[in-house]
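I opened the notebook to record what I looked up in this structure.

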Amino acid sequence: MRFRVPVALLGSGTAGMLVAVQSRINGGLSQQIGNGYLAAAVSFGSGMLLLALITLVTPKARRGMRLLSTEVRSGRYPVWGLLGGTCGAFFVLTQGLVASVIGLALFTVGIVAGQVLGGLLMDRIGLGPGGRVDPSLQRVVGTGLAVVAVAISVAGGLGGSGSPWLVVVPLIAGIGMAWQSAVNGLVRAAAQSAIAATFVNFVVGTVVLVIAAAVSLAVQGWPESWPSEPWFYVGGVIGMIFIAVAAILVRLTGVLLLSMSNVAGQLIASVLLEASLPLAGGVTALMAVGTAVALVAVMIASLPGRGARA
């Protein structure tokens, strides 16, 4: 029992590494086809199609969808609690539109600050399935350090060709991801199925992104060419894994600690990817320092002595 939270945090951190890989894939696809909206719709849509198949062949998932439908129709579960996928859609959209401009490392540090700020807020108001968790000193200090990490990383990108101020966009997306994790945990509790919760998330997100992509295509037309490498099209599968893991583990860790472990994995993987396969200007010295500060923030916020559950 005493090892459940550390193991959950390790699993969440591994899933976070996959998010950095997803950001690199979706950012690369956006560069290749010249349309971030369409790249995001392809990523989310592929995940939804795979999840639809999994849901159809999984009895517990089908039962979960029926149970969730009953809970919503009876009014015991609010309709707004099904909208976590909108934040997932916005995050995937920023991967294609922003990560390719400011680089994966700076983009991920912005996501970090948003996730830890959002996680602190979600735990404080008790939106997650684990109830309200009052912030401890460690969590507050860790959140503050995460914000400092963004400032350092942005300073490291001021001399590059990108637009470091765009880091505000992934910061907002990170806050949305924390809300998404909390809401998806509630959906999982209502449906009693992580697969059903993940499927609902992808359906909502896909609808939003398909509408955005349709408007974009009407304005600028269909891409002239598509990349032939198959790895450009697995972003949705990676996102499916991440959302399912988050829905399962959020009750054990709380929203903030889940976000912290996620971003630790994201930070490590993003620096390695940006250094070896850069989307923008590569990793500067200050970006590396900012990443290290963000990792320290994760470790401090994860120390024993978490706030009491209300």
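Entry 1, burial and surface. I checked how much of the protein chain is covered: buried residues account for 54% of its 310 residues. The model is a predicted one, and I read every value below with that in mind.

I listed the secondary structure and found eleven helices and zero strands in the protein chain. The pattern along the sequence therefore reads α-α-α-α-α-α-α-α-α-α-α. I then looked at contacts between residues at least 6 apart in sequence; 86% of them join residues at least 24 apart.

I picked helix 4, which covers residues 84-102 and has 19 residues. From first C-alpha to last it reaches 26 Å, close to the 27 Å expected at 1.5 Å a residue. Where does helix 4 bend, and by how much? I located the bend at Q95, at about 40 degrees. On cover, I noted that 15 of the 19 residues in helix 4 are buried, so I put helix 4 down as mostly covered, buried meaning under 20% relative accessible area. Just after helix 4 comes G103, for which I wrote down a positive phi of about 95 degrees.

Entry 4, aromatic pairs. I searched for pairs of rings with centres within 6.5 Å, and the count came to four aromatic pairs. One of them is F91 with F107: the ring centres are 6.3 Å apart and the planes are at 25 degrees, so I filed the pair as stacked, the cut-off for that being under 30 degrees. F91 belongs to helix 4 and F107 to helix 5 (residues 104-125), so this pair ties together parts that are 16 residues apart in sequence.

W222 counts as exposed because its relative accessibility is 57%, and the cut-off for exposed is over 50%.

Methods. Residues numbered from 1 in each chain as written. Predicted model: local features only at pLDDT ≥ 70, side-chain atom pairs only at ≥ 80, totals over all residues. Heavy atoms only, no water. Helix = DSSP H or I, 4+ residues; strand = E, 2+ residues; numbered from the N terminus. Expected span 1.5 Å × (residues − 1). Bend = angle between axes of the 7 residues up to and from the residue. Buried < 20%, exposed > 50% of the residue type's maximum accessible area, 1.4 Å probe, protein only. Contact = heavy atoms within 4.5 Å. Phe/Tyr/Trp six-rings, centres within 6.5 Å; stacked < 30°, edge-to-face > 60°.
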